[in-house]
Number of protein chains: 2
Amino acid sequence: MKELFRVLTPTDALQLLHANLTPQIQAERVPLAAALDRVLAEDLIAPLDVPDFARSTMDGFAVRAPDTYGASEGLPAYLKVTGEIFMGTRADVSVGVGETVRIATGGMLPAGADAVVMVELTQDVDASTIEVVKPVAPGENVLQVGEDIMAGTAVLPLGHTLRPQDLGGLASLGIVEVVVARKLRVAIVSGGDEVVPPDQTPGPGQIRDVNTSTIVALVQRAGHEPVPLGVAPDDYEAIASLARRGMAQADVVILSAGSSVSVRDMTADVITSLGKPGILVHGVSLRPGKPTILAVADGKPVFGLPGNPVSCMVTFDLFVGPTLALLSGAEAPRRQSVSARLARNIASAAGREDYVQVKLESRDGEVWAVPVFGKSGLIYTLIRADGMVRVELDAGGLSEGTMVPVILF
Amino acid sequence: MKELFRVLTPTDALQLLHANLTPQIQAERVPLAAALDRVLAEDLIAPLDVPDFARSTMDGFAVRAPDTYGASEGLPAYLKVTGEIFMGTRADVSVGVGETVRIATGGMLPAGADAVVMVELTQDVDASTIEVVKPVAPGENVLQVGEDIMAGTAVLPLGHTLRPQDLGGLASLGIVEVVVARKLRVAIVSGGDEVVPPDQTPGPGQIRDVNTSTIVALVQRAGHEPVPLGVAPDDYEAIASLARRGMAQADVVILSAGSSVSVRDMTADVITSLGKPGILVHGVSLRPGKPTILAVADGKPVFGLPGNPVSCMVTFDLFVGPTLALLSGAEAPRRQSVSARLARNIASAAGREDYVQVKLESRDGEVWAVPVFGKSGLIYTLIRADGMVRVELDAGGLSEGTMVPVILF
């Protein structure tokens, strides 16, 4: 069996693939409103201080801190109110000894003042006098110039995936466009004499194409652009023709090939024909997902994913996702997971990494991971499940009651 | 202080808001390729069996199971090979006693056969005879009709958010379009005399608008459509005018109003003017985020979120996100979280729910949550952080070394 010629662990397989790729990031400029979840293709440096003036963080009174020292309920400090700071304007009053001016949260600290007393710790004595019942230290309730971020500081690094708060932070700096990695085009070819597109009625012995729809969505979720090319019959020339179209139109090619050994061998031959160095990994010590092919053709990664829908999803997650990240210059995608208590034993062969679908259930205030078993090739085990539990290469299984991380779908 | 008239816990506040909303879900039909992360507005029932014919799950030989009983390496069962099943075609041979036909993974089980023997457990004797070295049970290595999903079974319920594997599952049933909840339009009004749009240069005492960019992205991430309406000065009529436009154009209105008490009071007056029943919650026992306003005006939720960027993000997550889910008929959004060990004590006042920003760090193979402290109003604490740790209402704090769930941003 051809596919056994190079069986690696999932980690080694991915490493070998990545060692054969030289990411050349293509960038484009987008406005902030279109930048969510995009990957920065530049290091961003703060062009200015935020804030660029000292600001109050409280509603209250701007003071010279020493004027409040020793103040208490019994012996308040009396200060003369000489004015008010209006929001969004230059503070053009200045605070002398024994003086204070009203200031609202966000207001610009006036000259002379070095702290703000919260309004709750003051009392009006008359129209132009307040008493302060607690001392403040210099700098208290004030954001200093550059305290949020200083001009010249690194804000966000190349490779960072932009989150909502990042976009707010960039807005504060007046950065309204960013240079991000272009979305990768990912060609998807499905194969199989028995497979028809989902909008067609299968004949006897035929089924509808499942994996294209799943892979299209996985590519979308990874932030890239799927290019579904349709279904090829189990015929070398038919598969090769679609695969070559994928090489021409896309940055990455995924062949979701049939499930029988002979069709997988044909897929391997097609991949070999696409370019050098060709197939790097043919078989991974992984279940499900053993008959995975990882290849590089003329600088582009080519994946032969197993036809079984569960395998297809697991291997996308293990190999395609991290490769899309690599090619975008992104930090590796962080798998979202929750902790749960395993509801039954999971057996596993040594020397193989296993992924078991689980459903999350709440019992007595605890989250339990209940394995969803099913024969190979079932689609609905994935739909009934909420995530996967990984059984490490040489763990030999996991015991009921263990706390495990559940990688959410 | 007006805002103290109704201070509720976050949970009670959300409940009160939701009790005053009557979701009327508007639906639209979309193709599968546009359905990722959309919320189903219909219960989906399987229109047919999957598979709709018995299929082999292995490459091997279709047999009558009893013909293999007692077979072993020493005493194999001999079977006559009478044909081969071709993929994607009707199995028009039938298997008699002592007979077998070749079959590949996914092939249609022929009449007479009730199990498949893996090719690895057979040996060719001559061109038309094999020996079988291990017995199979009836049904072994076969997917029965409807074993994946049976016609008439509930597939996915109304309110389910569609994942990649769900789309694959629907494709297998020939369901190529789905009815989903229309994306909600969320109007966003920023306020403040000191606030200018991010593409303008602030004058003295002014800052750029941070919250609109963050809220736009939070709405996008929740799967809805942001409608940013710009920045209003601290003027009743200016804010009211944008808020009324929001009521006319959108399903939900968010006012991200100034940070001072007087501006918050003005925002409250504007919200009261928008429609009945008006303000339901004015102040939440929460830090950051206490001065949050929750209201309903003529059936639409209206939020007055604090101007402080950290508060704005926390309160969006606690109140706006779950409300968008309610109005879409969606199951509550599941917060993504990871477990981490707390790197230092966090103090908290009783009777208040606290959210503390943390950075995740790996130390000795463990993930630690390191609190990122900073003065109120800082933007970059959010950017330096990876997530938040919640301190429950009456926990009185959390101790260093405790394992805590970190809600990821």
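1. Confidence. Since what follows rests on a predicted model, the predictor's own scores come first. For the complex the predictor gives an ipTM of 0.93 and a pTM of 0.93. Within chain A the pLDDT averages 93, and 98% of the residues score at least 70.

2. Overall form of chain A. The radius of gyration of chain A is 31 Å, whereas a compact globule of 409 residues would have a value near 22 Å. Taken along the principal axes, the box filled by the C-alpha atoms of chain A is roughly 95 × 50 × 40 Å. The secondary structure of this chain comes to seven helices and 28 strands.

3. Domains of chain A. Chain A is divided into four parts, and two of these are made of separate stretches of the chain: domain 1 takes in 2–26 and 182–328, and domain 2 takes in 27–50 and 147–181. Domain 3 covers 55–143, and domain 4 covers 337–408. The centres of domain 1 and domain 2 of chain A, taken over C-alpha atoms, are 34 Å apart. To the contact between them domain 1 of chain A gives five residues and domain 2 of chain A gives seven residues. On the side of domain 1 of chain A that touches domain 2 of chain A, the residues are one nonpolar, three polar and one charged.

4. Contact between the chains. How many residues of each chain take part in the contact between chain A and chain B? On chain A there are 71 residues, and they are in contact with 72 residues of chain B. Several elements of chain A each supply at least two residues of the side that touches chain B, among them helix 2 (164–172), helix 3 (211–221), helix 5 (261–274) and helix 6 (309–328). Strand 15 (207–208), strand 22 (337–342) and helix 7 (380–384) of chain A are also on that list. By class, this side of chain A divides into 33 nonpolar, 25 polar and 13 charged residues.

5. A six-stranded sheet in chain A. Six strands of chain A form an open sheet in the order 7-4-6-5-9-8, and their pairing is mixed. At its edges are strand 7 (115–118) and strand 8 (122–126) of chain A, each of which pairs on one side only. From one strand to the next the twist averages 40°. Within this chain, strand 5 (residues 77–84) and strand 9 (residues 129–132) run antiparallel and are joined by four bridges; A:Leu79 has A:Ile130, in strand 9 of chain A, as its bridge partner.

6. A six-stranded sheet in chain B. An open sheet of six strands in chain B has the order 16-13-17-21-20-18, again with mixed pairing. Why is one side of strand 16 and of strand 18 of chain B left without a neighbour in the sheet? Strand 16 (225–232) and strand 18 (277–282) stand at the edges and have a single partner strand each, so one side of each has no neighbour there. Neighbouring strands of this sheet are turned against each other by 20° on average, with direction ignored. Strand 13 (residues 185–191) and strand 17 (residues 252–256) of chain B run parallel and are joined by five bridges, and B:Ile188 stands opposite B:Ile254 in strand 17 of chain B. Helix 5 (residues 261–274) of chain B packs on the sheet, where it touches strands 13, 17, 18, 20 (293–297) and 21 (300–305), and its direction makes about 145° with that of strand 18 of chain B.

7. A hairpin in chain B. Strand 8 (residues 122–126) and strand 9 (residues 129–132) of chain B run antiparallel and are joined by four bridges. The hairpin between strand 8 and strand 9 of chain B passes through two residues, and B:Asp126 has B:Thr129, in strand 9 of chain B, as its bridge partner.

8. Backbone details to check by eye. The peptide bond between A:Val50 and A:Pro51 is cis, with omega about -10°, and A:Pro51 lies in the loop between strand 2 (44–45) and strand 3 (55–56) of chain A. In chain B a cis peptide bond joins B:Arg287 to B:Pro288, with omega near -5°, and B:Pro288 lies in the loop between strand 19 (286–287) and strand 20 of chain B. A:Asp364, a residue other than glycine, has a positive phi near 50°; A:Asp364 is placed in the loop between strand 24 (353–363) and strand 25 (366–371) of chain A.

Conventions: Residues are numbered from 1 along each chain as its sequence is written. Chains are lettered from A and ligands numbered from 1 in the order in which they are written. This is a predicted model: local features need pLDDT of at least 70, side-chain atom pairs count only at pLDDT 80 or more; totals for chains, interfaces and linings use all residues. Two residues are in contact if their C-beta atoms, placed from the backbone, lie within 7 Å. Ala, Val, Leu, Ile, Met, Phe, Trp, Tyr, Cys and Pro count as nonpolar, Asp, Glu, Lys and Arg as charged, and the others, Gly among them, as polar. Two strands pair if DSSP finds at least two bridges between them. Axes are lines fitted to C-alpha atoms, for helices over the stretch in contact, and angles run from 0 to 180 degrees between N-to-C directions. pLDDT is the predictor's confidence in each residue, from 0 to 100. Domain bounds come from an automatic or database domain assignment. The radius of gyration is taken over C-alpha atoms; the globule rule is 2.2 Å times the number of residues to the power 0.38.
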